[in-house]
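Work through the exercises below with the model open beside the text. Each task is followed by a solution in steps.

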Number of protein chains: 2
Amino acid sequence: MTTTLSPTPRSTVRRGAHRARTDRAELYAVLDAGLVCHLGIVLGGAPVVLPTGYGRLGDTLYLHGSTGAASLRAAARDAPVCVTVTLLDGVVHARSVFHFSMNYRSAVVHGVPRHVTDPDERLAGLRAITENIAPGAWDHARPPNRKELAATSVLALDLTEASVKVRTGPPVDDEEDLARPDGPWAGVLPVEQAFGAPVPCPLLPPDVPVPPHVGPGPG
Amino acid sequence: MTTTLSPTPRSTVRRGAHRARTDRAELYAVLDAGLVCHLGIVLGGAPVVLPTGYGRLGDTLYLHGSTGAASLRAAARDAPVCVTVTLLDGVVHARSVFHFSMNYRSAVVHGVPRHVTDPDERLAGLRAITENIAPGAWDHARPPNRKELAATSVLALDLTEASVKVRTGPPVDDEEDLARPDGPWAGVLPVEQAFGAPVPCPLLPPDVPVPPHVGPGPG
């Protein structure tokens, strides 16, 4: 029951090490706040990076895909993957272009995923993936049937080998630039992600209200 | 001067092929709208995916990093990389959990980057990277000096081998689910990214106005 991230050589943050966070709760916070991850695999010796959904249950990250997807098949073959979740918080305008930066929170997870075969864990993993982008949706929509489950691969990635980096705050400028009386503007332009008003499916009867778990809507 | 994306086996969209776009202008649009890319490399046989800034000039994508960064050194060694830019546009609520999806625009670029050594191209690439996150900033802030340039690697990635995928619109549900009179709500919850009000650096004199290229601010 560790609560700190135990770095391996691969998960040790080398660039900007002062931005590394070692509390496991910070890893969870980044993963739970994200909606999309970038899954990296190696295909034919070359990297392939694809966006996909994910969900977390405790110290396990779940991914899913069609049983026909080449990327998922490759990832399920005892091959290493890298899953990265990035939340962009701001553009950092510095006094010199060299010190321009971004405020962000990112989590990088390394590991060899496990192909999930247990029916209960498969359902729990799929539920976590759905709930990560749409909390409350699993109990609202129709559950998967046997045919749909057969068409779906579920992968589990242990969160043991992971790192978190966070940058916050104003630019870090050189002393000489700070001292210039006629220096340029410097600061942070925040980047914010928000949900808009729900757009009902055109095939939905006009009087179906937007349920509370989707958010405030016209219905 | 091609204006269409010529797919190689690697850049041919296999899953959801109807979502593939083949117009080169759509590739440019996704790349120019994004702020962060996910750079995939292979290190010791395993994939590593890291978020980073980038910029586009014509059919070239520029990346930069510290000359000391292991990931950039690896990427500069005639090794293949994958650069993916993803813009999330909405969470698609379907009538069945199986058909939950996301609306998005994504670009995936494969290639072996070129280490840029020409001083003019290095400056142009760095300018493109800065301007991609902060249009107008390059001419406002102090340009890089010799020491800063020596500490910076610039990589150029040709956009020849690239693919674009776009999903828009409502959920695609099964006929049986559409026919249910008491079916669940379905539609799209839009995801929007926006800039907030600029936050001046605490070390800035209080009377420095926010310049127009940063955006509307308190100054």
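The exercises that follow concern a predicted model and go from the interface between chains to single residues.

**Exercise 1. The interface of chain A and chain B**

Find how many residues of chain A and of chain B are in contact, and how much area the two chains bury between them.

Solution. 
Step 1. Count the residues on each side: 83 residues of chain A are in contact with 83 residues of chain B.
Step 2. Turn to area. The size of an interface is often given as the accessible area lost when the parts come together. For chain A and chain B the buried area is about 6,800 Å², with 71% of it on carbon and sulfur atoms.
Step 3. A:Val97, A:Arg142 and A:Trp185 supply 12% of the area that chain A buries against chain B, more than any other three residues.

**Exercise 2. Polar and charged pairs across the interface**

State how many salt bridges and how many residue pairs in polar contact are found across the interface of chain A and chain B.

Solution. 
Step 1. The rule finds four salt bridges across this interface.
Step 2. Take one pair in detail: A:Arg142 forms a salt bridge with B:Asp177, and their closest N and O atoms are 2.7 Å apart.
Step 3. Extend the view from that pair. A network of salt bridges links A:Arg142, A:Glu148, B:Asp174 and B:Asp177.
Step 4. For polar contacts, the rule finds 21 residue pairs across the interface of chain A and chain B, both residues at pLDDT 80 or more.
Step 5. Sort the side of chain A that touches chain B by class: 54 residues are nonpolar, 20 are polar and nine are charged.

**Exercise 3. Strand pairing between chains**

Which element gives the most residues to the side of chain A that touches chain B, and with which strand of chain B does β11(A) pair?

Solution. 
Step 1. List the elements of chain A that give two or more residues to this side; among them are β6 (81-93), β7 (101-111) and β11 (187-195).
Step 2. β11(A) gives the most, with nine residues.
Step 3. β11(A) pairs with strand β12 (residues 199-200) of chain B in the antiparallel sense, over two bridges.
Step 4. To locate the pairing, find A:Val188, which stands opposite B:Val199 in β12(B).

**Exercise 4. A four-stranded sheet in chain A**

Give the order of the strands in the open sheet that contains β5 of chain A, and decide whether β5(A) is largely enclosed or open to the outside.

Solution. 
Step 1. The order is β4-β5-β9-β8 in chain A, and the pairing is antiparallel.
Step 2. The edge strands are β4 and β8 (114-115) of chain A, since each pairs on one side only.
Step 3. On one side of β5(A), three bridges join it to strand β4 (residues 55-57) of chain A. Here A:Gly55 stands opposite A:Tyr62.
Step 4. The hairpin of β4(A) and β5(A) has two residues between the strands, and in this hairpin A:Gly58 takes a positive phi near 60 degrees.
Step 5. β5(A) also pairs with strand β9 (residues 152-158) of chain A, over seven bridges. In β9(A), A:Asp158 is the bridge partner of A:Thr60.
Step 6. Five of the seven residues of β5(A) (residues 60-66) are buried, so the strand is largely enclosed by the rest of the structure.

**Exercise 5. A buried residue in chain B**

Is B:Asn132 buried or exposed, and which backbone oxygen lies 3.1 Å from a polar atom of its side chain?

Solution. 
Step 1. B:Asn132 is placed in helix α3 (residues 119-133) of chain B.
Step 2. With 13% relative accessibility, B:Asn132 counts as buried.
Step 3. The backbone oxygen is that of B:Gly34.
Step 4. Beyond its neighbours within four places in sequence, B:Asn132 is in contact with residues including B:Leu31, B:Asp32 and B:Tyr54.

Note on methods. Residues are numbered from 1 along each chain as its sequence is written. Chains are lettered from A and ligands numbered from 1 in the order in which they are written. This is a predicted model: local features need pLDDT of at least 70, side-chain atom pairs count only at pLDDT 80 or more; totals for chains, interfaces and linings use all residues. Side-chain values use heavy atoms; hydrogens and water are left out. Buried means under 20% relative accessible area, exposed over 50%, partly exposed in between (1.4 Å probe, protein chains only). A polar contact is a pair of N or O atoms within 3.5 Å; within protein, one must be able to donate a hydrogen and the other to accept it, and residues adjacent in sequence count only if both atoms are side-chain atoms. Contact means heavy atoms within 4.5 Å. Buried area is the accessible area (1.4 Å probe) that two parts lose on being put together, summed over both. A salt bridge is a side-chain nitrogen of Lys or Arg within 4 Å of a carboxyl oxygen of Asp or Glu. Ala, Val, Leu, Ile, Met, Phe, Trp, Tyr, Cys and Pro count as nonpolar, Asp, Glu, Lys and Arg as charged, and the others, Gly among them, as polar. Two strands pair if DSSP finds at least two bridges between them.
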